[in-house]
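I wanted to go through this model and keep a record of what I looked up.

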Amino acid sequence: MKALVLAGGAGTRLRPITHTSAKQLVPVANKPVLFYGLEAIAAAGIREIGIVVGDTHAEIEAAVGDGRELGLEVTYIRQRAPLGLAHAVLIARDYLGDDDFVMYLGDNFIVGGINGVVEGFARERPAAHIMLTRVGDPRQFGVAELDEAGRVIGLEEKPPVPKSDLALVGVYLFSAAIHEAVAELKPSGRGELEITDAIHWLIADGRSVASTVISGYWKDTGNVTDMLEVNRLVLESLEPRVDGLVDGASQLIGRVVVEAGAEIERSRIVGPAIIGSGTRIRDSYIGPFTSIATGCAISGSEIEYSIVLPRSSIAGVSRIEASLIGHDVEVTPAPNTPRAHRLVLGDHSKVQISS
């Protein structure tokens, strides 16, 4: 079995971060979210992986390399535009051959891995196997309809009136039969080749489509709220570790990781939290569920429930929370100018001003 990992897409819901960075490389607990999926694939015993990349291909390729460090053999497949999940299967046809494969969306996060579903697919040999989870608003997802025996009898992409609350999780398992289905597709109203249409074609053709409703945690990390929530979940499983320097005037409370080369001075860190290598924390408070990446500098400030990306600095800011701060950012207090705000904002930014 091979794997097809989708790491293209524009990441519009994470702008302005994704104007300059691939959404799959935004870190969760200081590790790119893409790597959690790659590790889950490797843990399931799959070694050959095709990664579908788009405009951010150089960044993805630099981060993953040839996959050897993860125990993988990686091949990169260029997609000229994000034209749908089934389009990714179409352009990967030569790479996949007639092998079974797992298709894994690179910005998805699933607790518990995929070992069980891979083993079940190999044992039962359906044409396809999809993973489902119950959601509050299925209109935002691909939605499956099951019969009384739990067999998949229909699929719709973002239906205005859903027939169930079972949303497709971003992991699919396919036999070579999916290529027949994809070859028959026409673009949807969104101008994309929909994987839900391909699976529906298999059902209409009498092929077996199995499903698993997962009870564990799943998130599509496509927006800031979900990124922070996944970061919180991963940090809760941290084992405390101090490889950097912490002076006697500082406090580490709870599950805190201080990576090698980090320096903590006259500060209080309440875990779960992780401080990246080369980062310097001085006269500051770092609260729970916070990830500070490598090479950052925080002084005279307070921050919690946030993600800070590499080489950013925060100085003299009284309180930051529930924030995603990008690469090479400088955060400082505003000058004491009454009734005025000075802003430099990227495209598609969202700003909340209290006065």
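The entries below follow that order.

**Ground rules.** I am working with a predicted model, in which local features need pLDDT of at least 70 and side-chain atom pairs count only at pLDDT 80 or more, while totals for chains, interfaces and linings use all residues. I number residues from 1 along each chain as its sequence is written, and the side-chain values use heavy atoms, with hydrogens and water left out.

**Overall form.** I looked up the secondary structure and found eight helices and 30 strands in the protein chain; these are DSSP runs (helices H or I of at least four residues, strands E of at least two), numbered from the N terminus. Along its principal axes, the C-alpha trace spans about 70 × 45 × 40 Å.

I noted an accessible surface of about 16800 Å², of which 48% belongs to carbon and sulfur atoms; the areas come from the Shrake-Rupley method with a 1.4 Å probe, and for residues only the protein chains shown count as cover. Of the 355 residues, 49% are buried, where buried means under 20% relative accessible area, exposed over 50%, and partly exposed in between (1.4 Å probe, protein chains only). For contacts (heavy atoms within 4.5 Å) with a separation of 6 or more, I found that residues 24 or more positions apart account for 49%.

**Interior.** I looked next for nonpolar cores, each a set of buried Ala, Val, Leu, Ile, Met, Phe, Trp, Tyr and Cys residues joined through side-chain atoms within 4.5 Å. In the largest, which has 36 residues, Leu4, Met103, Ile130, Phe174, Ile178, Ile195 and Ile199 touch the most other members. Helix H7 (residues 195–204) gives the most to this core, with five residues. A second, separate core of 32 residues includes Ile41, Ile51, Ile110 and Phe121. I also listed the partners of isoleucine 178, which touches Val89, Phe101, Ala198 and Leu202 when residues up to four places away in sequence are not counted.

**Helix H1.** Is helix H1 enclosed or open? Nine of the eleven residues of H1 (residues 33–43) are buried, so the helix is largely enclosed by the rest of the structure. The buried residues are Val33, Leu34, Phe35, Tyr36, Gly37, Leu38, Ala40, Ile41 and Ala42. Just after H1, I noted that glycine 45 takes a positive phi of about 90°.

**Charged pairs.** I found 24 salt bridges in the structure, each being a side-chain nitrogen of Lys or Arg within 4 Å of a carboxyl oxygen of Asp or Glu. In one of them, aspartate 165 pairs with arginine 134, with the closest N and O atoms 2.8 Å apart. Aspartate 165 lies in the loop between strand S10 (152–157) and strand S11 (166–174), and arginine 134 in strand S8 (residues 128–134), so the pair ties together parts that are 31 residues apart in sequence. Aspartate 165 is partly exposed at 30% relative accessible area, whereas arginine 134 is exposed at 53%.

Glutamate 194 and arginine 190 meet in a salt bridge at 2.9 Å, N to O; glutamate 194 is buried at 6% relative accessibility, while arginine 190 is partly exposed at 44%. I also recorded a network of salt bridges that links Glu265, Arg266, Arg282 and Asp283.

Leucine 146 lies in strand S9 (residues 142–146) and counts as partly exposed at 25% relative accessibility. Leaving out residues up to four places away in sequence, I found that leucine 146 touches Leu132, Arg151, Val152, Ile153, Leu166 and Ser211.

Leucine 343 lies in the segment after strand S30 (330–331) and is partly exposed at 48% relative accessibility. With Leu345, Val351 and Ile353, Leu343 forms a nonpolar surface patch of about 350 Å² accessible area together. Patches are made of residues with over 30% relative accessible area and no salt bridge, like charges being joined within 9 Å and nonpolar side chains (Val, Leu, Ile, Met, Phe, Trp, Tyr) within 5 Å.
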